[in-house]
Amino acid sequence: MSETNLAAFEKIIKALPSCVYYKDTEGKYVFATHHWAHIEHPDDPNWSIKGKTDLDIRKNKENALLAMEQDRHILETGEGVSYVIQEQNGDQVEYLELIKNPVHDDNGNIIGIVGLINNITEQELMRQKLERYARTDDLTGLLNRRAFDEWTRDELFNTEFPISIIAADCDHLKMFNDSFGHDAGDELIRSTAMLLNLAKPSRALAFRVGGDEFSVIVPSCTREQADEIVEQLIITANTLSVEDRPISVSIGIAVMESPDDDFLAVLHQADLDMYESKRRHHEHLLEIYD
């Protein structure tokens, strides 16, 4: 493309809100329609992006190296790429979508890379918000069963061992519903969730995995440390009440010592421990609600 045709083409596509750019096979910019806020350039009106690489101009050097890595992939394979990066623009976080494709001459040789940069911050923040909603329990604000299953599938073996699993269950929710109504029962569930959030370490994850069933995953936590957490749970529970009745929660503990342990077996053991706690609470709770 001649310099005249290139200048005319660049002028036309400047009307687009996206940044359109072209690089040569050395990864140097030939032109870019917009100078976005994430690059370093002087206020000199004669400053040009032409002939500069991403490392020359990008403030975020990790994103610069990523851009150059993606460019090498395109030049070596002839395959286009698309990806999203996060950039800081003052106090605001912005998300940019980059779409890149090789440009070929009439003989099929790659002579450059054409790219498109779209600001997708609004869409990405909405996507993250919807993702949080999809993984959050409406009633309690805790992580939900879907999030628990995803953690089990994707994060379990990336977590620091030993992992303590605390199973918790509201005691006699049905009796509470029958005595005070389902709104009060919901309040009991919410109060139990608040109890777990108050007592758990910041590194722990709390899930509502069923109607009145909860699981707390505590990374890098021994049995002795888990016992201390449960002790704090019990102390905190004594300060909470619903309908002037104390909150009572049955709690079980099991520890996954290493990745060699069977997670489901450890989870089952925590449930069994919790059911034994519930059995011990049974007669005492009957006296409270009598």
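Which residue takes a positive phi in the hairpin of strand 4 and strand 5? Gly108 does, with a phi near 85°, and five residues lie between the two strands of this hairpin. The model is a predicted one, in which local features need pLDDT of at least 70 and side-chain atom pairs count only at pLDDT 80 or more, while totals for chains, interfaces and linings use all residues. Residues are numbered from 1 along each chain as its sequence is written, and side-chain values use heavy atoms, with hydrogens and water left out.

Strands and helices are DSSP runs, numbered from the N terminus (strands, E, at least two residues; helices, H or I, at least four). Two strands pair if DSSP finds at least two bridges between them. Strand 4 (residues 92-104) and strand 5 (residues 110-119) run antiparallel and are joined by nine bridges. Here Glu97 stands opposite Asn118. Strand 4 also pairs with strand 3 (residues 81-89), in the antiparallel sense, over nine bridges. Ser82 stands opposite Ile99 in strand 4. The hairpin of strand 3 and strand 4 has two residues between the strands, and its Gly90 takes a positive phi near 70°.

Side chains of opposite charge can pair when their charged atoms come close. The structure holds 21 salt bridges (a side-chain nitrogen of Lys or Arg within 4 Å of a carboxyl oxygen of Asp or Glu). In one of them, Asp54 meets Lys23, with the closest N and O atoms 2.5 Å apart. Asp54 lies in helix 2 and Lys23 in strand 1, so the pair ties together parts that are 31 residues apart in sequence. Asp54 is buried at 1% relative accessible area, and Lys23 is buried at 0% (buried means under 20%, exposed over 50%, partly exposed in between, with a 1.4 Å probe and protein chains only). Both residues belong to a network of salt bridges that also links Arg58, Asp71, Glu87 and Lys100.

Another salt bridge joins Asp171 and Lys278, with the closest N and O atoms 3.0 Å apart. Asp171 sits in the loop between strand 6 and helix 6, Lys278 in helix 9, 107 residues apart. Asp171 is buried, with a relative accessible area of 2%.

Asp137 and Arg208 also meet in a salt bridge (3.1 Å, N to O). Asp137 lies in the loop between helix 4 and helix 5, and Arg208 lies in strand 7, 71 residues apart. Asp137 counts as buried at 13% relative accessibility, as does Arg208 at 16%.
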